[in-house]
Amino acid sequence: METIYTSDDSLTAYFAYISGENIGLAKAELEVLLNQFSIDKEVTWLRRFARIVMPINPTDFLLKRAALIQYAGIILYKSSSVDDITKGLSDDDWIIHISKQDSFAVKTLCVGNENDMDMRLQIERNLGAHIKQVTGANVNLRNPSIQILVLIMSDGIIVCKSDTSKLRALLRGREPGKKEFFHPSMMNSSLARVMCNLAGVQSGDIVLDPFCGGGGILCEASYIGASVIGIDLSWKLLIGARVNLSKIGLKYSLIQGDAQHLPISSVDRIVSDPPYGRASSTRGTKAIKLIESLLEETNSILQSKGECLCLCSDSEMKLSQIIENAGLTVARQLSMRVHSGLVRDIVTVKI
Ligand SMILES: C[S@@+](CC[C@H](N)C(=O)[O-])C[C@H]1O[C@@H](n2cnc3c(N)ncnc32)[C@H](O)[C@@H]1O
């Protein structure tokens, strides 16, 4: 039995469990978010489970910021078998984590092996009964104040104290079709959030989307706490972006103009999905020319260093190639299948 949690905070291990929609993108999002802590850390992956060793608890930050993390929390202990599942923590340690006034649920997940329903039920029953007996807390499967998440791995069982993402439900509630102003060219909220995270957007930053449309990306940057600037050719979309942004209540500037002549001298991050000429018009300009023109300006406009530019485009555009041809450095290239006819490339640039 390996006890990972101890009262010495520096030895505490945390975890994050990412969603399965796009594992590459979710891993990149987690890693970039953890890089915002300038301290030593170690991340080990087993499929969708990340074991994170660092001296600060990142759980609240990760769940507040990440679009693609489902659960996060602290690892309590590792057990080698179902029979030992109740022996990983002393009674005193259980009482530190769960008080009599709490309600709790034990939830199990199989990671990296077959879904073993019998084993899952046995763990939920045995561990649930043990915690109830030791702590006096009541079981509440629907809305527990504490969730104990048990991850069944091929080489053992990890017992965690876990929180569930609330942001993911919020993001679903602010998808383009649910916003006050809607246009089919708008970026969905989950990808917009991931792109902002990949570009390192932080509260207080100035973030530019030079092709802002109805403001999908700007809204997510704004929810993070950034001041946002949007440029678009279309008055109609800018008016829609204003409707959407005014709901959030943070500072924004919207400018009608051509992104090929940026009227901006300095921002911290650029996050954008230039038009591909499908749902959104380029008014005759070749889509590639719009991207090249933006890339020419980035070094002089961007005040931050590092991965502070994130662009997304139809994979047929070969975005990474355009970036390299412009003499810039691609930091990450990820892709996302939207439907059979559209794969998006999501690329970050290191400035
Ligand atoms: C894919 S949409 C952008 C979606 C938006 N980024 C979002 O987050 O919802 C592309 C936008 O580029 C705008 N556009 C096309 N050519 C432009 C140009 N030369 N300068 C500025 N905006 C342009 C279109 O009007 C369209 O709103």
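Which domains does the domain assignment of the chain give? The assignment gives domain 1 (9–165) and domain 2 (173–350), with bounds that come from an automatic or database domain assignment. This is a predicted model, in which local features need pLDDT of at least 70, side-chain atom pairs count only at pLDDT 80 or more, and totals for chains, interfaces and linings use all residues. Residues are numbered from 1 along each chain as its sequence is written.

**Domains and their contact**

- The centres of domain 1 and domain 2, taken over C-alpha atoms, are separated by 35 Å.
- The contact takes 11 residues from domain 1 and 11 residues from domain 2, where two residues are in contact if their C-beta atoms, placed from the backbone, lie within 7 Å.
- On the side of domain 1 that touches domain 2, H1 gives the most, with six residues.

**Nonpolar core**

- The largest nonpolar core has 92 residues; such a core is a set of buried Ala, Val, Leu, Ile, Met, Phe, Trp, Tyr and Cys residues joined through C-beta atoms within 7 Å.
- Both domain 1 (9–165) and domain 2 (173–350) give residues to this core, so it lies between them.
- The residues with the most contacts inside the core are Phe-15, Ala-16, Val-150, Met-195 and Val-271.
- Leaving aside residues up to four places away in sequence, Val-150 touches Val-106, Thr-108, Ile-123, Leu-127, Ile-157 and Val-159.

**Eight-stranded sheet**

- Eight strands form an open sheet with mixed pairing, in the order S2-S3-S1-S4-S8-S7-S5-S6; helices (H or I, at least four residues) and strands (E, at least two) are DSSP runs, numbered from the N terminus, and two strands pair if DSSP finds at least two bridges between them.
- Strand S2 (42–46) and strand S6 (138–139) stand at the edges with a single partner strand each, so one side of each is left without a neighbour in the sheet.
- S2 and S3 run antiparallel and are joined by five bridges, with Thr-44 opposite Arg-51 in S3.
- Two residues separate S2 and S3 in their hairpin, and Arg-47 in the turn has a positive phi of about 50 degrees.
- Strand S4 (residues 69–79) and strand S8 (residues 156–164) run antiparallel, joined by eight bridges; Tyr-77 has Val-159 in S8 as its bridge partner.

**Helix H1**

- Helix H1 (residues 23–34) lies across strand S1 (13–18), S2, strand S3 (49–53) and S4, at about 145 degrees to S1; axes are lines fitted to C-alpha atoms, for helices over the stretch in contact, and angles run from 0 to 180 degrees between N-to-C directions.
- Its buried residues are Leu-25, Ala-26, Ala-28, Glu-29, Leu-30, Val-32 and Leu-33; a residue is buried if 20 or more other C-beta atoms lie within 10 Å of its own, exposed if 12 or fewer, and partly exposed in between, with C-beta atoms placed from the backbone.

**Lys-100**

- Lys-100 is placed in the loop between helix H3 (91–97) and S5, and counts as exposed because it has 9 C-beta neighbours inside 10 Å.
- Residues up to four places away in sequence not counted, Lys-100 touches Thr-135, Gly-136 and Ala-137.

**Seven-stranded sheet**

- Seven strands form an open sheet with mixed pairing, in the order S11-S10-S9-S12-S13-S15-S14.
- Strand S11 (252–256) and strand S14 (329–339) are the edge strands, each pairing on one side only.
- Strand S10 (residues 227–232) runs parallel to S11, and five bridges join them; Val-228 has Tyr-252 in S11 as its bridge partner.
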